[in-house]
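Open the model in your viewer and keep the selection tool ready. The stops below say what to select next and what is there.

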Amino acid sequence: MTDPAGKLPSELDQLPDRDGEETAEWAASLDAVTQHAGPHRASYLMRRTLQHAERAGVPVPRLLETDYVNTIPTSAEPAFDGDEAMESRITAWNRWNAAAMVTRGARYGVGGHIATFASAAWLYETGFNHFFHGKEGLGVPTESGGGSGDQLYIQGHASPGIYARAFLDGRLTEADLDNFRREAGGAGLPSYPHPRRLPWLWEFPTVSMGLGPLSAIYQARFNRYLHNRSIKDTSGSHVWAFLGDGEMDEPESTAALALAAREQLDNLTFVINCNLQRLDGPVRANFKIVQELEAQFRGAGWNVIKSLWGSAWDELFALDTQGALVRRLREVPDAQFQTYATRDVAYIREHFFGAEPALVELAKVLSDAKIAECFYTSRGGHEARKVYAAYRAALAHKGAPTVILAQTVKGHTLGKGFASKNANHQMKKLSIDEFKGMRDLLELPIPDSAFDDGVVPYAHPGADSPELRYLQERRAALGGPAPARRVVAAALPEPEERGFKALQKGSGNQEMATTMAFVRLVKDLMRDKETGRRWVPIVPDEARTFGMESLFPSAGIYSPLGQTYEPVDRDQLMYYKEAKDGQILNEGITEAGSMADFIAASTSYATHGEPMIPFYIFYSMFGWQRTGDQMWQLADQLGKGFIVGATAGRTTLTGEGLQHADGHSHLIAATNPASLNYDPAFAYEIAVIVKDGLRRMYGPDAEDVFYYLTVYNEPKQQPAMPEGVEEGILRGLYRFKEGEAARPEAPRIQLLASGTAIHWALEAQQLLAADWGVTADVWSATSWGELRRDALAADEALLRGEDRTPFVRQALSGAPGPVLAVSDWMRQVPDQISQWVEQDWSSLGTDGFGLSDTRDAARRHFGVDAQSITVAALAQLARRGEVPAAAVKEARERYGL
């Protein structure tokens with residue numbers, strides 16, 4: 001909406017104008033320019049003035065968009081530090097082998113993607129040849145992080161190009177390439193970056209789109225965290241995230257942009273491959289994705305570099321004395337520009353240049369070949385010099401992260417059948433004729449006879465070729481191969497026993513929730529002289545809920561700015577303390593950000609050679625349910641640490657209701673092979689589990705696993721640890737309290753309970769004995785998941801001819817009577833082990849939606865309170881004929897069920 005008369009109110013009306021006459025003169029000057037030279041000239045002058053003001057340090061708002069041209073003019077490009085012709089040949093070999101690998105794999109129907117790397121090849125190759133630091137000590141410059149190198153988040157669909165480069169430099173063989181997407185035999189290459197499947201190469205899984213950019217931001221932030229806490233000098237490490245323009249639609253892709261700008265993460269660069277296409281068609285068919293992204297990133301405070309046009313466009317821009325070309329480029333929607341790349345020159349002359357008389361005149365001096373070059377292939381992302389200039393500028397910019405918007409053509413160099421086609425994401429192979437055309441375009445010395453068997457060959461210039469020598473020299477100067485994952489085995493020393501023993505002694509007459517028990521243990525462990533500083537407490541703005549406020553003044557909340565204000569509670573003992581070397585990561589209300597923190601910390605042992613011990617504590621409902629995708633990312637990335645679902649259970653968190661009442665996170669967690677899931681009932685169980693977890697994850701024989709513990713906010717007296725229960729705690733089941741039989745022939749039942757449900761089972765044990773003469777043994781089932789994992793392993797062993805009995809069957813061997821399992825979870829959670837229990841099995845649980853009420857009322861509603869357990873136990877015994885059937889009805893009436 002325009003306001004030519006200046007009648008609409010403005011926020012500037014509230015500010016003092018020291019010289020209204022001068023202000024009016026400026027406005028009149030602008031009106032005069034608009035009237036006599038046109039609005040385009042007026043706009044240009046205003047933008048020039050704003051740019052000058054910004055460079056002079058005058059505090060003015062930044063423009064959110066610039067013209068649809070390169071940020072760095074050709075005249076301002078730095079000298080290219082390399083042999084462009086040599087790098088072009090190397091890139092050609094890699095293009096060929098990437099396409100050949102996917103095409104050869106098509107014989108087996110395993111799929112693959114060709115067009116993405118074809119569009120992005122120079123974005124990667126320029127980085128590998130000039131910018132991406134490796135991890136090897138020899139030849140690593142001091143600014144590269146001393147062995148950490150750079151962190152590369154590779155776009156998942158571009159993986160064939162990374163494999164092709166690894167083949168060229170000798171890290172992969174032809175046999176390896178032929179096993180692309182054929183992993184069952186143990187020697188295959190995974191489809192995408194999967195560290196768990198190829199741990200020597202890949203560091204970061206990225207193909208669950210959106211998680212790569214989010215993780216890259218928090219990785220760059222964690223690099224600063226390590227540096228500011230003096231754990232590792234990461235000042236030279238740089239995080240590069242390669243993304244697709246379509247991927248930016250994922251909410252996670254842009255969720256943390258403001259964090260990156262706020263913390264001035266100039267150690268981070270996003271490279272967005274703007275080929276204008278997503279999986280089915282244009283990213284912004286009727287709009288311009290580059291302009292949209294520029295505004296979004298500039299608004300968040302990022303430095304934005306656009307590399308849109310190749311050098312062939314320089315002549316056109318030089319001829320554009322009236323700005324008509326720049327205006328036309330800005331107004332053409334992306335889908336139309338994609339169409340230009342597939343149509344003949346006559347169509348382009350009519351529909352692009354024919355839109356304005358000035359463009360018609362400009363086109364008259366252009367040859368058909370020049371127009372074809374510009375519209376078909378000449379993009380900033382396809383020229384090494386343009387990419388080099390953008391990367392140099394990104395690294396030189398200080399005080400903010402940088403995003404490079406590089407325009408490309410999807411399917412570039414793959415021929416007319418691929419380039420810019422809507423369906424090219426699903427195209428899995430080229431024909432022999434198409435490969436021959438690609439060979440000729442790339443000028444590769446591959447004879448026709450190499451195709452005689454109908455199979456496209458791999459191509460290699462030779463181990464002693466100039467290309468290989470150049471590639472290897474470049475990588476040696478940059479610190480070795482990349483991407484690469486390195487793990488140097490270095491066990492952490494065991495912490496002092498004091499903290500564990502404190503929980504094992506019990507709480508006496510004092511009541512304590514298991515949430516508080518865990519927090520107390522970690523607080524003690526954070527004081528350990530050897531490993532205390534390696535703990536990374538992570539919390540999404542709920543520290544006070546979990547009793548963690550006592551950590552604020554002692555450990556400090558991490559902030560790269562320290563504390564620039566006086567906190568309102570400074571006069572209190574547990575005041576809100578932020579510090580540049582703070583240990584706590586208090587992320588605010590973002591579980592996704594907290595999980596990204598956790599992933600960065602949990603894999604620091606490989607990324608930086610510095611094992612850290614993260615624990616992330618949260619409302620259990622908002623863990624696996626909300627960020628389950630990141631839990632799988634964590635497992636894929638071989639992360640270690642403790643994930644703690646606090647205020648757990650469907651009935652234990654009073655009053656919060658349906659969206660807070662977690663009765664199923666253990667069911668979701670059970671699907672993840674790397675997650676060791678425990679639901680401890682007592683403080684001493686937590687001590688045993690955490691101690692063993694530290695051994696398993698950080699000891700001499702470290703495992704690539706992480707722990708999920710659920711803890712409760714219900715205060716209870718914590719008993720001392722009985723003797724000889726450690727194995728049962730860790731393996732998932734032990735008898736906590738044996739029932740005392742009133743008479744030898746008394747009916748008997750086994751009550752299995754996890755978490756806070758053990759208190760209901762203990763009360764039911766008393767009711768059964770006092771009211772019905774039934775003896776019940778109460779078992780603590782610390783981990784239904786570990787019992788199931790062990791049982792599945794036993795089944796597999798039997799198929800191999802080994803004689804092995806599941807632990808749950810061993811533990812319950814000879815236990816008289818049926819088994820009744822109860823928890824604050826859905827029945828499916830304990831039912832995971834039912835098929836391996838020899839006794840008659842039944843279970844109780846909190847199936848259904850949660851609700852708001854008192855704990856007692858909620859448990860009665862779900863039928864898991866002590867009285868409901870008692871009735872269920874009698875019903876189970878009645879079916880066996882061990883108690884009268886009438887006892888069940890009588891019990892229901894007595895307890896008001």
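In which loop is Ala670 found? Select Ala670: the loop around Ala670 runs between helix H26 (665-669) and strand E13 (675-678). Helices (H or I, at least four residues) and strands (E, at least two) are DSSP runs, numbered from the N terminus. This is a predicted model, in which local features need pLDDT of at least 70 and side-chain atom pairs count only at pLDDT 80 or more, while totals for chains, interfaces and linings use all residues. Residues are numbered from 1 along each chain as its sequence is written, and side-chain values use heavy atoms, with hydrogens and water left out.

Stay on Ala670. Is Ala670 buried, partly exposed or exposed? Ala670 counts as partly exposed because its relative accessibility is 33%; buried means under 20% relative accessible area, exposed over 50%, and partly exposed in between (1.4 Å probe, protein chains only). Leaving aside residues up to four places away in sequence, Ala670 touches Asn677 and Gln832, where contact means heavy atoms within 4.5 Å.

**A parallel sheet**

Next, select the open sheet of five strands with the order E1-E2-E3-E5-E4 and parallel pairing. Strands E1 (151-153) and E4 (303-307) have a single partner strand each, so one side of each is left without a neighbour in the sheet. Two strands pair if DSSP finds at least two bridges between them. Neighbouring strands here are turned by 15° against each other on average, direction ignored.

Zoom in on E2 (residues 239-244) and E3 (residues 268-274), which are joined in the parallel sense over six bridges. In this pair, Trp240 stands opposite Thr269 in E3.

Now show the helices. H4 (residues 115-130) lies across E1, E2, E3 and strand E5 (402-407), and runs at about 150° to E3. H10 (residues 289-300) lies across E3, E4 and E5, at about 160° to E4. Axes are lines fitted to C-alpha atoms, for helices over the stretch in contact, and angles run from 0 to 180 degrees between N-to-C directions.

**Two packed helices**

Select H3 (residues 84-105) and H5 (residues 159-168). At what angle do H3 and H5 pack? The angle is about 115°, and the axes of H3 and H5 are 8 Å apart. Show side chains at the contact: Trp93 and Met101 are among the residues of H3 that meet H5, whose own contact residues include Tyr163 and Phe167.

**A mixed sheet**

Move to the open sheet whose five strands have the order E16-E18-E17-E19-E20, with mixed pairing. Its edge strands, E16 (734-737) and E20, pair on one side only. From one strand to the next, the twist averages 30°.

Select E19 (residues 819-822). Val819 and Ala821 on one side of E19, and Leu820 and Val822 on the other, are all buried. On to the partners: E17 (residues 748-753) pairs with E19 in the parallel sense over four bridges, and Ala753 stands opposite Val822 in E19. E20 (residues 841-844) also runs parallel to E19, joined by four bridges, and Val819 stands opposite Trp841 in E20. By contrast, E16 and E18 (residues 775-780) run antiparallel, joined by three bridges.

**Last stop: confidence**

Colour the chain by pLDDT, the predictor's confidence in each residue, from 0 to 100. The chain averages 93, and 97% of the residues score at least 70. Over residues 138-145 the pLDDT is below 50. Where pLDDT is low, the predicted coordinates should not be read in detail.
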